[in-house]
Amino acid sequence: SPDVRERVVLDMVGSPITHERFLRRPMGTYGSATEDYLKDGSTPFETLVLAGDSIFPGIGVPAVALSGASAANAMVSPFKQWNILDQLKRRNVI
């Protein structure tokens, strides 16, 4: 829309320096270097699984979403998730 700048309520500019300072990213990089990716989100704690841009497959919304789905699947099998979703649908919860 042509008037989008006039309708902005809050405008915050981020830069590599911002990422370095607030996200503690070396030289303001996005995600981890490919050699630094954790192969999966497993941890020494059974009930803690990591997800995000430092976990394979890496940076970007699709990759991070896949990382989250993988973390969920590590905790509860997809078949159990589908079963629970079916139960919720039958109860009209979703």
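1. Trp82 is exposed, at a relative accessible area of 51%; here buried means under 20% relative accessible area, exposed over 50% and partly exposed in between, with a 1.4 Å probe and protein chains only. Phe79 is likewise exposed, its relative accessible area being 61%. Helices are DSSP runs of H or I with at least four residues, strands are runs of E with at least two, and both are numbered from the N terminus.

2. The model is predicted: local features need pLDDT of at least 70 and side-chain atom pairs count only at pLDDT 80 or more, while totals for chains, interfaces and linings use all residues. Residues are numbered from 1 along each chain as its sequence is written, and side-chain values use heavy atoms, with hydrogens and water left out.

3. On confidence, the protein chain has a mean pLDDT of 85, and 90% of its residues reach 70 or more; pLDDT is the predictor's confidence in each residue, from 0 to 100. Among the elements of the chain, α4 has the highest mean pLDDT (95) and helix α2 (residues 16-22) the lowest (86). Where pLDDT is low, the predicted coordinates should not be read in detail.

4. The structure holds one aromatic pair. Its members are Phe79 and Trp82, whose ring centres are 5.2 Å apart and whose planes meet at 85°, so the pair is edge-to-face. Rings of Phe, Tyr and Trp (its six-membered ring) pair if their centres lie within 6.5 Å; planes under 30 degrees apart count as stacked, over 60 as edge-to-face and the rest as tilted.

5. Phe79 and Trp82 also belong to a nonpolar surface patch of about 570 Å², together with Leu85, Val93 and Ile94. Patches are made of residues with over 30% relative accessible area and no salt bridge; nonpolar side chains (Val, Leu, Ile, Met, Phe, Trp, Tyr) are joined within 5 Å, like charges within 9 Å. Accessible areas come from the Shrake-Rupley method with a 1.4 Å probe, and for residues only the protein chains shown count as cover. Ile94 lies in the segment after α4 and is exposed, with a relative accessible area of 54%.

6. Asn92 is also placed in the segment after α4. Its phi is near 60°, a positive value in a residue other than glycine. Asn92 is exposed, at 67% relative accessible area.

7. A cis peptide bond joins Phe56 and Pro57, with omega at about 15°. Pro57 is found in the loop between α2 and α3. Gly58 has its place in the loop between α2 and α3 and counts as buried, at 0% relative accessibility.

8. Lys39 is found in the loop between α2 and α3 but is exposed, with a relative accessible area of 69%. From Gly58, Lys39 is 19 residues away in sequence and 10.0 Å away in space, C-alpha to C-alpha. Lys39 and Ile84 are 45 residues apart in sequence, and their C-alpha atoms are 28 Å apart.

9. Ser67 is located in helix α3 (residues 61-75) and counts as buried, at 2% relative accessibility. Apart from its neighbours within four places in sequence, Ser67 is in contact (heavy atoms within 4.5 Å) with Ala51, Gly52, Ile55, Phe56 and Pro57. These partners include both residues of the cis peptide bond, Phe56 and Pro57.

10. Met75 lies in helix α3 too, and is partly exposed, with a relative accessible area of 48%. With neighbours within four places in sequence set aside, Met75 is in contact with Thr47 and Val49. Met75 and Leu48 are 27 residues apart in sequence but 8.8 Å apart in space, C-alpha to C-alpha.

11. His19 lies in helix α2 and counts as buried, at 15% relative accessibility. Neighbours within four places in sequence aside, His19 is in contact with Arg24, Arg25, Gly28 and Tyr30.

12. The structure holds one salt bridge, defined as a side-chain nitrogen of Lys or Arg within 4 Å of a carboxyl oxygen of Asp or Glu. The side chains of Arg7 and Asp3 form this bridge, at 3.2 Å from N to O. Arg7 counts as exposed, at 53% relative accessibility, whereas Asp3 counts as partly exposed, at 30%.
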